[in-house]
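Welcome, and thanks for taking a look at this protein with us. Here is a short briefing to guide your eye as you turn the model around.

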Amino acid sequence: VYKAQGNFSVSVKGAASTLVKINKRQKIKVNKELSLKLAGRGSSENTQEIITPLLLSPSVIEQQVFRGKIRKIMVDVVNPTSRKITVRSKFRLTNNNKIKAKIKPSKFRLGPGESKTILIDIKNKNKKSPIYGWLEFSTNKSKGALPASIPVILKPDGWKVKQKAKLSTLKATLTSRNSRLFFESKISNSKDGTDALYLLSNVTITNIETGIVEVAIKGSISKDILLPGDTIKITAGTDFGRLKDGVYEVLIKVNSEEGGLSLNKKTNIVINRDIANKVKVIENE
C-alpha cells in the first residue's frame, strides 16, 4: 500500500489570487494485476522527482532591501508524516554574491504533526547586489529525495535587470513502446540575470503543409520558479497516433506571471514511420 501525493496549480477566474495550489493525498494499493496493466505504458513526461515530505510556510521569501539591511526571516516547518524525523536546513545561493547565512536552529527533530519556527539571518557583503537562492530542508527519513525548498529573493531597492534566460534545443523521442511522442527542453538562467515566478508553458504542433494545429498542450515544468543560475526542465507529450507522417512545426512558449519572462522557440520535426528513426528534429535557422 502506498500513499500518493499530488500538487496541483489551478487558475480560478474572478478570484483575487490568479493561482491556487492544491495538495492532495490518497492511499493506493498496487497488486500484481495492476502492475501488469501498467507495464510498458508509462510516459516520460511529468517526471518530477520525489520531494522531502515537509510543509513549509511561506512558499516564497521576497524582500526589497533598503540600505543593505535585510530583515530576519521566519519559516514554519511542519512534519505531516506519522514518524519522528530529524530535519536539517541550509541556504543554497544561486547567483554571484558573497553572503553569510545563519539558520537557528539548523538541525531539529519533529514528531508526527509537530511544527517548528526557525529564524534565518542573512548578511550581504555586497549591499548593492541582490541575493537569490533556495532555503532547503532535508530529513533522515527521505534519503535520495529532493529537499523541500523555498525560493529566496532579496533585491536592493530600485534593482532592475533584463531577463537573460534562454531555451535549449528541443529533443523529440518516442517512448512507451513508441506510442507516445515526448518533447523536452530546458530553460537556463544566467547568474547575473533576474528571477521569474509562476512559470507557465504551452506546446503547439502545427502541420506545415496544411497550416492546421494538430496538438495544443500544456508543458510540464520541473519548477515553476526560475532564479538566476538555475536550470528548469520543460516536458510535454502526445499520442504518436495523432500525427500522420509529414513535417511539423513544434512551438514551445514559456512565460511568467511575475518577472517578465517571455520565451518561445520553434523547431521542425519530420515523422516517417517507414524508417527506424521515426522522428527527426530539424533545427530552424
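Buried means under 20% relative accessible area, exposed over 50%, and partly exposed in between (1.4 Å probe, protein chains only). Strands (E, at least two residues) and helices (H or I, at least four) are DSSP runs, numbered from the N terminus. This is a predicted model, in which local features need pLDDT of at least 70 and side-chain atom pairs count only at pLDDT 80 or more, while totals for chains, interfaces and linings use all residues. Residues are numbered from 1 along each chain as its sequence is written, and side-chain values use heavy atoms, leaving out hydrogens and water.

**The sheet around E4**

- E4 pairs with strand E11 (residues 148-156) in the parallel sense, over five bridges; two strands pair if DSSP finds at least two bridges between them.
- Within that pairing, Val-152 in E11 is the bridge partner of Ile-61.
- E4 and E11 belong to an open sheet of five strands with mixed pairing, in the order E4-E11-E10-E6-E8.
- At the edges of this sheet are E4 and strand E8 (107-110), each of which pairs on one side only.
- From one strand to the next, the twist averages 20° (axes are lines fitted to C-alpha atoms, for helices over the stretch in contact, and angles run from 0 to 180 degrees between N-to-C directions).
- E6 pairs with strand E10 (residues 131-139) in the antiparallel sense, over seven bridges, and Leu-93 stands opposite Gly-133 in E10.

**A loop residue, Asn-97**

- Asn-97 sits in the loop between strand E6 (85-93) and strand E7 (99-104).
- Why does Asn-97 count as buried? The reason is its relative accessibility, which is 16%.
- The side chains of Asn-97 and Asn-124 are joined by a polar contact of 3.5 Å (a pair of N or O atoms within 3.5 Å; within protein, one must be able to donate a hydrogen and the other to accept it, and residues adjacent in sequence count only if both atoms are side-chain atoms).
- A polar atom of the Asn-97 side chain also lies 2.7 Å from the backbone oxygen of Pro-130.
- Beyond its neighbours within four places in sequence, Asn-97 is in contact (heavy atoms within 4.5 Å) with Asn-124, Asn-126, Ser-129, Pro-130 and Ile-131.

**Nonpolar cores**

- The largest nonpolar core has 29 residues, and those with the most contacts inside it are Ile-187 and Ile-269.
- At least two residues of this core come from each of strands E14 (180-188), E15 (196-207), E16 (213-218), E19 (231-239), E20 (246-258) and E21 (262-271).
- A nonpolar core is a set of buried Ala, Val, Leu, Ile, Met, Phe, Trp, Tyr and Cys residues joined through side-chain atoms within 4.5 Å.
- Leaving aside neighbours within four places in sequence, Ile-187 has contacts that include Leu-199, Ile-234, Val-254 and Leu-263.
- A second, separate core has 23 residues, among them Ile-61, Val-65, Ile-122 and Leu-135.

**The chain overall**

- The protein chain has one helix and 22 strands.
- Of its 285 residues, 38% are buried.
- Among contacts in the chain with a separation of 6 or more, 65% are between residues 24 or more positions apart.
- Ile-28, in strand E2 (residues 20-28), counts as partly exposed because its relative accessibility is 39%.
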